Amino acid sequence: MPVWLSDTTRAITTANRWLFQITVWGMAIVVPVMLYEVVMRYCFNAPTVWGMELAVLLFGPYFLFGGPYLLHLKGHVALDLLRQRLSPAWTRRLDLVNYPVIVVFCAILLYFSLPAALSAFEYRETSFSAWNPPVWPVKAAVPVALLLMLLQALVEFVHALYGEPAEVAA
């Protein structure tokens with residue numbers, strides 16, 4: 001693999017890893033919020049107007065931004081029973097088909113999600129609930145995460161194409 005391509009793939013994977021590590025800390029907010037909401041609702045019969053909505057608004061980006069690095073770690077759902085029985089050559093062939101499918105899927109979703117995110121940003125969209133927080137940042141996370149997933153799928157495709165195992169950082 002050319003040096004420029006190796007450096008580019010490493011940079012994309014590193015960026016996705018950093019974002020994943022930052023995003024993981026979002027659970028440090030979601031868990032206490034959910035705990036507070038459950039205690040208030042069931043122990044004091046005084047649910048909050050913001051607890052569940054905040055948890056949902058934080059969990060969306062957590063889920064989305066975890067995906068690209070999880071793709072790199074091969075942590076997504078896969079047909080492991082089939083892949084374990086295949087030779088490395090056949091596994092590579094499957095990867096050479098699978099990653100372009102992921103790229104196309106992400107490109108289609110990106111095409112349709114970007115206008116919705118831009119519209120939400122333009123109008124400073126809110127949830128229209130009693131709490132009424134802005135939802136445009138969460139909607140903006142969708143195309144950003146899809147772009148990152150698309151780039152990571154290209155990285156994994158390049159590694160499969162060159163027959164080089166992708167570097168998995170601890």
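In which helix do Arg-10 and Asp-7 both lie, and how many residues apart are they? Both lie in helix α1 (residues 3-24), 3 residues apart, about one turn of the helix. This is a predicted model, in which local features need pLDDT of at least 70 and side-chain atom pairs count only at pLDDT 80 or more, while totals for chains, interfaces and linings use all residues. Residues are numbered from 1 along each chain as its sequence is written, and side-chain values use heavy atoms, with hydrogens and water left out.

**Salt bridges**

- The count comes to 4 salt bridges, where a salt bridge is a side-chain nitrogen of Lys or Arg within 4 Å of a carboxyl oxygen of Asp or Glu.
- Helices here are DSSP runs (H or I, at least four residues), numbered from the N terminus.
- Arg-10 has a relative accessible area of 37% and is partly exposed; Asp-7, at 41%, also counts as partly exposed. For these classes, buried means under 20% relative accessible area, exposed means over 50%, and partly exposed is in between (1.4 Å probe, protein chains only).
- Glu-156 forms a salt bridge with Lys-74, the closest N and O atoms being 3.5 Å apart. This pair links distant parts of the chain, with Glu-156 in helix α6 and Lys-74 in the loop between α3 and α4, 82 residues apart.
- Glu-156 counts as buried at 2% relative accessibility, whereas Lys-74 is partly exposed at 48%.
- Lys-139 and Glu-125 meet through their side chains in a salt bridge of 2.9 Å, N to O. Here too the pair links distant parts of the chain: Lys-139 is in helix α6 and Glu-125 is in the loop between α5 and α6, 14 residues apart.
- Lys-139 is partly exposed at 34% relative accessibility, and Glu-125 is partly exposed at 23%.

**The largest pocket**

- The largest pocket has a volume of about 810 Å³. Leu-71, His-76, Val-77, Asn-98 and Ile-102 are the closest to its centre among the 28 residues that line it.
- On a 1 Å grid over the protein atoms alone, a pocket is an open set of points where a 1.4 Å probe fits, with protein on both sides within 12 Å along at least five of seven lines; lining residues have an atom within 4 Å of a point. The volume is the space filled by probe spheres set on the points.
- Two or more lining residues come from each of α3 (51-72), α4 (80-85), α5 and α6 (136-161). Helix α5 gives the most, with 8 residues.
- The lining divides into 19 nonpolar, 5 polar and 4 charged residues.

**A nonpolar surface patch**

- Val-104, Ile-108, Tyr-111 and Phe-112 make a nonpolar surface patch of about 470 Å². Patch residues have over 30% relative accessible area and no salt bridge, and nonpolar side chains (Val, Leu, Ile, Met, Phe, Trp, Tyr) are joined within 5 Å. Areas come from the Shrake-Rupley method with a 1.4 Å probe.
- Val-104 is found in helix α5 (residues 88-122) and is partly exposed, with a relative accessible area of 47%.

**Ala-160 and Phe-128**

- Ala-160 lies in helix α6 and is buried, at 9% relative accessible area.
- The C-alpha atoms of Ala-160 and Phe-128 are separated by 46 Å, with the two residues 32 apart along the chain.

Definitions and conventions
Patch = residues over 30% accessible without salt bridge, like charges linked within 9 Å, V, L, I, M, F, W, Y side chains within 5 Å. Nonpolar A, V, L, I, M, F, W, Y, C, P; charged D, E, K, R; others polar.
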